[in-house]
Amino acid sequence: MSLIDLLTGNTGNQVAEKAETKFGISKNQIIALLAVATPLVISYLRNKSQDNKEAEALNSALEKDHDGSILDDTSQLEARQNEGGSILSHIFGNEKSTVENQLSQNTGISIDKIGPILAMLAPVIMGYIGKEKQQNNVGAGGLGDLLGGILGGAQTQAQQQQSNPLNDILGSVLGGGQSQSSGNPLNDILGSVLGGGSQQKQQQNGGLGDILGGLFGGK
């Protein structure tokens, strides 16, 4: 299953519906948040996996706790929300609040809800990575390449299929995520793309905000 299939298929829709019910946030906003947050998390993990100890820790966590079953059983979402918060704290470290603020500003989801929603999404993202790891028989040493391949494949697919706002978002975000200019996914994705990415020029201001505006009917 490709990353785009995860986000736009049954799993993404079920996650969005559950989050909509729990947090009172529109399903479109949740899906848009998934489209931005998922490649961001994967980019951070890819960078971390360049360190051998981090790669071993990630490999161990995936094998122990993230077999992909959550993708077919989204009833696990609420029960694993606390776990999701811990996952995000480890992934983003001292940049967690900055990430949440940027995502809040660019999706219109209030800052008091963005953290809990991301915590609900995190185990889904990890479950997807864990399933891909199993299917490709990848160990700790191959995680960086696996994560890079997930992002690269999704970028290509999104840019080939830019027929709806979600693919526009993914094409823009993943285009930024593949950039190695700063070596920092926060700067590459949140800084360049969310602040007005070069991939999107259909409106004067550019960037994710214009695409989200179209998705949310001018919100």
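Predicted model: local features only at pLDDT ≥ 70, side-chain atom pairs only at ≥ 80, totals over all residues.
The expected span of a helix is 1.5 Å times one less than its number of residues.

Select residues 27-48, which form helix H3. Its 22 residues reach 31 Å from the first C-alpha to the last, close to the expected 32 Å. Helix H3 is mostly covered, as 18 of its 22 residues are buried.

Next, select Lys 27 together with Glu 17. Their side chains meet in a salt bridge, 3.2 Å from N to O. Lys 27 lies in helix H3 and Glu 17 in helix H2 (residues 10-23), so the pair ties together parts that are 10 residues apart in sequence. Lys 27 is partly exposed at 23% relative accessible area, and Glu 17 is also partly exposed, at 38%.

Lys 48 is partly exposed, with a relative accessible area of 22%, and Glu 54 is partly exposed at 24%.

Both residues also line the largest pocket, which has a volume of about 160 Å³. Helix H4 (52-65) supplies the largest share, 4 residues, while H3 and helix H5 (81-92) each supply at least two. The lining divides into 7 nonpolar, 2 polar and 2 charged residues.

Finally, select Arg 80 and Glu 83, a salt bridge with its closest N and O atoms 2.9 Å apart. Arg 80 is buried, at 14% relative accessibility, whereas Glu 83 is partly exposed at 27%.

Note on methods
Residues numbered from 1 in each chain as written. Heavy atoms only, no water. Buried < 20%, exposed > 50% of the residue type's maximum accessible area, 1.4 Å probe, protein only. 1 Å grid on protein atoms, 1.4 Å probe; cavity = no way out; pocket = protein on both sides within 12 Å on 5 of 7 lines; lining within 4 Å. Points joined across faces, edges and corners; volume = space filled by probe spheres on them. Nonpolar A, V, L, I, M, F, W, Y, C, P; charged D, E, K, R; others polar. Salt bridge = Lys/Arg side-chain N within 4 Å of Asp/Glu carboxyl O.
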